[in-house]
Amino acid sequence: MGNATRRALVLAGGSFAASSWEIGLLAGMASAGVDLRDSDLFIGTSAGARVALHLANGTDLNELFEQQFKPIPNLPSPPPPDWSSIRRECAEAKAAGGSLDAILGRFGKIALTHASLAPADLQARRNTMAAQLTVQTWPEKPVSIVAVNAETGARRVFDRTSGVSLVDAMIATTASFGAPPAVIDGHHYIDGGYHSSNNADLAAGFDEVIVLSLRAPPGALALVPLEESVSALKASGARVTVIQPDKASEDAVTSGSPGSPAVRTPTAKAAFEQGKRVGGGGEPGRA
């Protein structure tokens, strides 16, 4: 047992486009005989954290896949944030330079400026998240959920040893600009995707790492690119496989806004076909 290969599966963010692609891909791979639910660690950022929880809980992949064709229950429809202002302010925050934490601290201030911090809205978001989760407690299998401290800019990883509820961890990792943040230990926490859409470097120490990630869109706000995370993993001695959308999946992902539920069905369908090829050895991804 001591020589067994330890594998981490990294699930990157990207709203509905990311989660539906990851689910379709994983279901397709499983249909071809490769079931990644037997990984030893799941690392989830933003939308990828939702998928990570399902995998750690052993949720049936066909059932998950079928859900991509149905409306999402308890889906709120808040007013869209002022993205033109947010992107301008974030560009200024990056241009001011400094460490990752310093820049992310400025991002955090911007996020808090554009989100409601009213207690009623924070509680409403908590109620919505609790209603969306099929389980309220951390899975037995290891899951790492990534967020950013909005005050300090420091990245924080939540897991079952953190003393933080699963609901709060999920609110934190999905608190993109405009969404009420999580309040944990007196600090506000926002989407870990602003540090990195994948945070794959957190899998250092594992023998094998598989990263499922959309391609970064133009103007992406994540500060650490995928290539940098992969380089860090390779330096740690890990065997790394990166799987990204093929042409058909990419067309589906970009057919609408990543945050629109309308992309779920076409993306999941295309991803399932891609997953069958990946699982069958015809499309292994890239290192």
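In this predicted model, strand β1 (residues 7-11) and strand β2 (residues 41-45) run parallel and are joined by four bridges. Between these two strands the chain passes through α1, and the β-α-β crossover made in this way is right-handed. Strand β1 is also joined by five bridges to strand β7 (residues 208-212), and these two strands run parallel as well.

| β7 (residues 208-212) | five | isoleucine 210 |

Because five of the five residues of β1 are buried, the strand is largely enclosed by the rest of the structure. In a regular strand the side chains alternate between the two faces of the sheet. Both faces of β1 are covered, with Arg7, Leu9 and Leu11 buried on one side and Ala8 and Val10 buried on the other.

The largest nonpolar core has 49 residues, of which Leu9, Leu26, Ile145, Phe158 and Leu212 touch the most other members. Helix α1 (residues 15-31) supplies the largest share of this core, nine residues. Another core, of 17 residues, lies apart from it and has Ile103, Leu104, Phe107 and Ile190 among its members. Beyond its neighbours up to four places away in sequence, leucine 212 touches Leu9, Val10, Leu11, Ala12, Trp21, Glu22, Leu25, Leu26 and Ile243.

Glutamine 68, found in the loop between α3 (61-67) and α4 (83-95), has a relative accessible area of 5% and is therefore buried. Leaving aside neighbours within four places in sequence, glutamine 68 is in contact with Ser20, Ile23, Arg264, Thr265 and Ala268.

Terms used:
Residues are numbered from 1 along each chain as its sequence is written. This is a predicted model: local features need pLDDT of at least 70, side-chain atom pairs count only at pLDDT 80 or more; totals for chains, interfaces and linings use all residues. Side-chain values use heavy atoms; hydrogens and water are left out. A nonpolar core is a set of buried Ala, Val, Leu, Ile, Met, Phe, Trp, Tyr and Cys residues joined through side-chain atoms within 4.5 Å. Buried means under 20% relative accessible area, exposed over 50%, partly exposed in between (1.4 Å probe, protein chains only). Contact means heavy atoms within 4.5 Å. Two strands pair if DSSP finds at least two bridges between them. A crossover is right-handed if, with the strands pointing away from the viewer, the path from the first strand over the helix to the second runs clockwise.
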